[in-house]
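Hello,

Here is the structure I promised to pass on. Please open it first, then read my notes below.

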Amino acid sequence: MKRVIAIDGPAGAGKSTVAKIVAEKLGYTYIDTGAMYRGVAWKTLQQSQEARDEDILRAVQDIDVRLACTESGTRVTVDGTDVTREIRTPEVTHIVSRVAALGSVREKMVELQRAMAADGAVVMDGRDIGTNVLPNADVKIFLTASVEERARRRYDEMKEKGYAVDFDELKHEIASRDKQDSERAISPLRQAEDAVLLDSTSLTIDEVVARILKLSE
């Protein structure tokens, strides 16, 4: 049976890392919805550093966001340009919640995401997969962790990539993003009623993966 697995949760919970491994072990396609919204944010910043709502809506009108699974991981292209690394910059991270909060942006991305999952055998992660994008998913996980732990993980990730970041500032930013994502009017971040809550604060990546694979049997 080609299952559809939805993994939701706040920023820094490890969704992408875990979803990639689960997809690989099952031989499924991994769909990184966060990368798609980041692609919109990246294009917006190319056109206007102010990134006003009207700038975002202009950027998404005719955007072509594509994900390709390769041996080196998922590659993201926007209008034919490979932006895999560029969409992970602090500048993009700073505005991506605002981008994702706009109805027109979500409508466009959800349309693309549902088409990708139509044939099953996919692992999709994001903020509203189980509640909105794929409400009929076979397996739903809500993956979370403490703000402190999520900030530590993101801090280590950014430092490894060569970005100068302040831990306390990062922790504040993650808490603020949690608030924005949970309180937005359209498809807010919340646990689906039939989702399994999985707190990864004190778990290793392998332990989280093992639990999800068990639930997917």
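Let me start with a pocket. The lining of the second largest pocket has 2 nonpolar, 5 polar and 3 charged residues. Bear in mind that this is a predicted model.

Here is who lines the second largest pocket: Ala 11, Thr 93, His 94, Ser 97, Arg 154, Glu 173, Ile 174, Ser 176, Arg 177 and Gln 180. Two elements each give two or more residues to that lining, namely α4 (90-100) and α8 (167-183). The largest share comes from α8, with 5 residues. The volume of this pocket is about 160 Å³.

Now the domains. The chain splits into domain 1 (1-28 + 121-212) and domain 2 (31-119). Both matter for the list above: each domain gives at least three residues to the lining of the second largest pocket.

How far apart are the C-alpha centres of domain 1 and domain 2? They lie 17 Å apart. Across the boundary, 25 residues of domain 1 are in contact with 24 residues of domain 2. Together the two domains bury about 1900 Å² between them. Carbon and sulfur atoms carry 49% of that area.

Best wishes

Terms used. Residues numbered from 1 in each chain as written. Predicted model: local features only at pLDDT ≥ 70, side-chain atom pairs only at ≥ 80, totals over all residues. Heavy atoms only, no water. 1 Å grid on protein atoms, 1.4 Å probe; cavity = no way out; pocket = protein on both sides within 12 Å on 5 of 7 lines; lining within 4 Å. Points joined across faces, edges and corners; volume = space filled by probe spheres on them. Helix = DSSP H or I, 4+ residues; strand = E, 2+ residues; numbered from the N terminus. Nonpolar A, V, L, I, M, F, W, Y, C, P; charged D, E, K, R; others polar. Domains from an automatic or database assignment. Contact = heavy atoms within 4.5 Å. Buried area = accessible area lost by both parts, 1.4 Å probe.
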